[in-house]
Amino acid sequence: MVAEYERRLQEAVDYIESHLDADLCVPDVARAVGYSGFHFHRIFRGLTGESIKDYIKKRRLFLASSRLIESPDAIGDIAIRAGFESQAAFTRAFKRMFGITPASFRRRGRAAVMVRERPFSLDLIEHLKEGVTMEPVFKERGAEKIIGLAGTFSEDCFEGISKLWSDFEKRAGDIEGRRLSYSLGVCLESHPQVEVEAPDTFIYVAGVAMAGEAEPPEGLVSVSIPPSRYAVFTHRGPIDTITHTVNYIWGTWIPGNSEIYKKGPDFELYDDRFDSSSLSGEVDIYVPVR
């Protein structure tokens, strides 16, 4: 099934390449290849090492560099066509990527030193088929109820989720009822009380596991996680490197084990192995499987 994921990935890139001048967002690309945005953005990042949003931005900048040399269009028009709100924003992004302003690049013309990046090819992900190996432990887990704070996010969400946890800690004392000794960060495609609007693609709930029935205070939500079998991966080290583990799960392990992966809430489990002061330690990532 790895080949199927790679085929869908190439279809997504082909779709992006043919719509670089359009108003693109992650859900559009995902729908074009038959996935939900919730699922596909993690597969894309896991396989390529970068977000769909970053890939689109990079490709638009390379296309704009060609237009600067090959067309007489004003830089402001090229900036708008590349999806930037202003020439100033375009100039900043162009300089960050190429080390030179668009105006200077145009003046140098074909003498400008520039490696033109080719569109994505499946050849570029061969390195992901070797190297890192992380075998999960399989566990059965009963139903759980979580009460927490929900937010909606898109691809580059680490800082936003960190803030969500900080905001939740300020509200945790409002929760009545007996809690279990761990916290969960739950990823959901939908929730009856939370609306996901583009460009966001998923819901994250930072919360605590409850030992019994309890109602969420105003502003918080409850999540019922059904009983399931899980593949459990353990991330070790600083929490800000957890994306490395997540990328392995979604870019290598799931494509290679898609016959047992099943849709459902996946979550991070934080217990006494994780130090909330240093934001480091061990975090288990639970992925539902058949």
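Figure 1. Axes here are lines fitted to C-alpha atoms, for helices over the stretch in contact, and angles run from 0 to 180 degrees between N-to-C directions. The model shown is predicted. H3 spans residues 37-48, and H9 covers residues 242-256. Their axes come within 7 Å and cross at roughly 85°. Angles of 65 to 115 degrees count as roughly perpendicular, so H3 and H9 are roughly perpendicular to each other.

**Figure 2. Residues where H3 meets H9.** From H3, the contact takes in His39, Arg42, Ile43, Arg45, Gly46 and Leu47. H9 contributes Asn247, Trp250, Gly251 and Ile254. By class, the residues of this contact comprise 4 nonpolar, 4 polar and 2 charged.

Figure 3. Arg42 lies in helix H3. Is this residue buried or exposed? Its relative accessibility is 10%. Buried means under 20%, so Arg42 counts as buried. Beyond its neighbours within four places in sequence, Arg42 is in contact with Cys187, Trp250 and Asp266. Trp250 belongs to the H9 side of the helix contact.

**Figure 4. The largest nonpolar core.** This core has 54 residues. Which of them have the most contacts inside it? They are Ile16, Phe40, Ile52, Phe168, Phe202, Tyr204 and Ile254. H9 supplies the largest share of the core, 6 residues. Ile254 is also among the H9 residues that meet H3. In soluble globular proteins, nonpolar side chains tend to be buried together.

**Figure 5. Surroundings of Phe40.** Phe40 is one of the residues with the most contacts inside the largest nonpolar core. Setting aside neighbours within four places in sequence, Phe40 is in contact with Leu9, Ala12, Val29, Ala30, Val33, Tyr35 and Ile52. Ile52 is likewise listed among the residues with the most contacts inside that core.

Figure 6. A separate core holds 17 residues. Among them are Leu188, Val194, Val205 and Val223.

**Figure 7. Setting of the close-ups in the whole chain.** The protein chain contains 9 helices and 9 strands. Along the principal axes, its C-alpha atoms fill a box of roughly 70 × 40 × 35 Å. Of the 290 residues in the chain, 50% are buried. The chain exposes about 14,600 Å², and carbon and sulfur atoms supply 50% of this area. Among contacts between residues at least 6 apart in sequence, 74% join residues at least 24 apart.

Conventions: Residues are numbered from 1 along each chain as its sequence is written. This is a predicted model: local features need pLDDT of at least 70, side-chain atom pairs count only at pLDDT 80 or more; totals for chains, interfaces and linings use all residues. Side-chain values use heavy atoms; hydrogens and water are left out. Helices (H or I, at least four residues) and strands (E, at least two) are DSSP runs, numbered from the N terminus. Buried means under 20% relative accessible area, exposed over 50%, partly exposed in between (1.4 Å probe, protein chains only). Contact means heavy atoms within 4.5 Å. Angles under 35 degrees count as roughly parallel, over 145 as roughly antiparallel, 65 to 115 as roughly perpendicular and the rest as oblique. Ala, Val, Leu, Ile, Met, Phe, Trp, Tyr, Cys and Pro count as nonpolar, Asp, Glu, Lys and Arg as charged, and the others, Gly among them, as polar. A nonpolar core is a set of buried Ala, Val, Leu, Ile, Met, Phe, Trp, Tyr and Cys residues joined through side-chain atoms within 4.5 Å. Accessible areas come from the Shrake-Rupley method with a 1.4 Å probe; for residues, only the protein chains shown count as cover.
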